[in-house]
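Here are my notes on this one, in the order I'd click through it. Please keep the viewer open while you read.

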Amino acid sequence: MAEKIGEKQFEKRKIPLLTPYKMGKFELSHRVVLAPLTRQRSYGNVPQPHAILYYSQRTTKGGLLISEATGISDTAQGNGGYPETPGIWTKEQVEEWKPIVDAVHAKGGIFFCQIWHVGRVSNTVFQPNGQAPISSTDQKLTSQVRGNAIDVQFSPPRKLSTEEFPLIVNDFRIAARNAIEAGFDGVEIHGAHGYLIEQFLKDQVNDRTDQYGGSLQNRCRFALEIVDAIVNEIGPDRVGIRLSPFTDYMGAVDSNPEALGVYMAEALNPYKIAYCHMVEPRMKAPGQKGESPHSLVSMRKAFKGTFISAGGYDVEDGNSAVAEDRTDLVAYGRLFLANPDLPKRFELKAPLNKYHRETFYTSDPVIGYTDYPFLENEFKSVNLKV
């Protein structure tokens, strides 16, 4: 006689976001992913003990978390309105990541470290010996208001010479190895949002005439060299990449974003990496969701591995995307920040906490970080008032 399915289990099965999924060797219990979120609480670029609580709060057994963007070297750090971001290029940084990763694993979570280099999104103040930031170009990024309404000034970058590419690729490779040493399950290469890798991918920034510029193949060469090096270092099942072909963050614009996205999706297939994480075309600018005639469907079809979508999804959007096979997993940022028990709230159809944008990028170790309430705390509060 078949075992009767409980009412709660049946309800859960009807919610696409809460169905299990196998991502390579990782068994996920649901499809709600913690998106990488810059938090600015890593004083001196060193992860802090308060991050243990922050990440463990958002961990569920079999849930996938992606860390905040983490620098690969002392030239990788920038301002962009975001100081005090963590790194993973020193022994101290690796050691301070370990208890944070351990806390996620203790609750059964899967944890990937997003590794990045900001490129020209920087200032000489943040660079070793006051040197110029590096980039695909020597075009200066115009100043803009970022973070907590800070008017950010960027320094003119220095165009990388062809001979320097192996050095930067090696920094990514070592950072990936360090992430595994810290206990992470894998790394996500940050190839999105106008930072160094995307400064090569997009033709309105990349003005090179060597083998790293011009054609689509040449512009994607640097990103794929990084993927190749990291796959060889830690294995393909531990590697993901984030891409945002349609966005224009940090002045990074492409004349044919769909062609760029499809080319990268297809070029990644031979490496058999764990996942490709892409940002929705409707998210052209940070925090602003709008209509778009484009979609990620062509990239989803082109990529043969696990596909993660991000970009202002709510629960209905996410459920529809999974149900219609437009994605495998959905990454949530602001909603997961404000609701550390987001999968539970989705399951119970519970109301969501509102996020407080003004505290996103403060350096406080509690406010806007670990002080968003869980459902049970809200229920306790209501009962005490009754």
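This is a predicted model: local features need pLDDT of at least 70, side-chain atom pairs count only at pLDDT 80 or more; totals for chains, interfaces and linings use all residues.

**Notes on the model**

1. Residues are numbered from 1 along each chain as its sequence is written, and side-chain values use heavy atoms, with hydrogens and water left out.

2. What does E181 pair with? E181 makes a salt bridge to K91, with 2.9 Å between the closest N and O atoms (the rule: a side-chain nitrogen of Lys or Arg within 4 Å of a carboxyl oxygen of Asp or Glu). This pair connects distant parts of the chain, as E181 sits in helix α4 (residues 165-181) and K91 in helix α3, 90 residues apart. Helices (H or I, at least four residues) and strands (E, at least two) are DSSP runs, numbered from the N terminus.

3. K91 has another partner: a salt bridge to E95, at 3.4 Å between the closest N and O atoms. The two are four residues apart in helix α3, so about one helical turn separates K91 from E95. As background, an α-helix has 3.6 residues a turn, so residues three or four places apart point the same way. K91 counts as exposed because its relative accessibility is 53%, while E95, at 33%, counts as partly exposed.

4. Now for a salt bridge with buried partners. The side chains of D328 and R300 meet at 2.7 Å, N to O. D328 is in the loop between α9 (315-323) and β15 (329-332) and R300 is in helix α8 (residues 297-302), so this pair ties together parts 28 residues apart in sequence. D328 has 10% relative accessibility and so counts as buried; R300, at 12%, is buried as well. Elsewhere, salt bridges with shared partners join K91, E95, K98 and E181 into one network. The total by this rule is 16 salt bridges.

5. On to the hydrophobic side. The largest nonpolar core has 81 residues, and the members that touch the most others are Y55, I115, F222, I230, M264, L268 and Y332. (A core here is a set of buried Ala, Val, Leu, Ile, Met, Phe, Trp, Tyr and Cys residues joined through side-chain atoms within 4.5 Å.) Helix α6 (residues 216-234) gives this core its largest share, 10 residues. A second, separate core has 16 residues, including I66, A274, Y275 and A310.

6. Leaving out residues up to four places away in sequence, F222 touches F165, I168, V169, L196, I197, F200 and Y212, with contact meaning heavy atoms within 4.5 Å.

7. Buried or exposed: which is helix α2 (residues 50-57)? Six of its eight residues are buried, so α2 is largely enclosed by the rest of the structure. The buried ones are H50, A51, Y54, Y55, S56 and Q57. They pack against β3 (32-34), β4 (64-66), α3 (91-106), β6 (110-116) and α10 (334-338).

8. Strand β12 (residues 239-243) is worth a look too: five of its five residues are buried. V239, I241 and L243 lie on one side, G240 and R242 on the other, and both faces are covered. β12 pairs in the parallel sense with strand β11 (residues 186-191) over five bridges, with E188 opposite G240; pairing needs at least two DSSP bridges between the strands. Strand β13 (residues 275-279) also pairs with β12 in the parallel sense, over four bridges, and here L243 stands opposite M278. From β12 the chain crosses through helix α7 (residues 257-268) to β13, a right-handed β-α-β crossover (with the strands pointing away from the viewer, the path from the first strand over the helix to the second runs clockwise).

9. Last stop, the loop between α7 and β13, where N269 lies. N269 is buried, at 19% relative accessible area. Neighbours within four places aside, N269 contacts A302, F303 and K304. The N269 side chain reaches the backbone oxygen of A302 at 2.8 Å.

How values were computed: Buried means under 20% relative accessible area, exposed over 50%, partly exposed in between (1.4 Å probe, protein chains only). A polar contact is a pair of N or O atoms within 3.5 Å; within protein, one must be able to donate a hydrogen and the other to accept it, and residues adjacent in sequence count only if both atoms are side-chain atoms.
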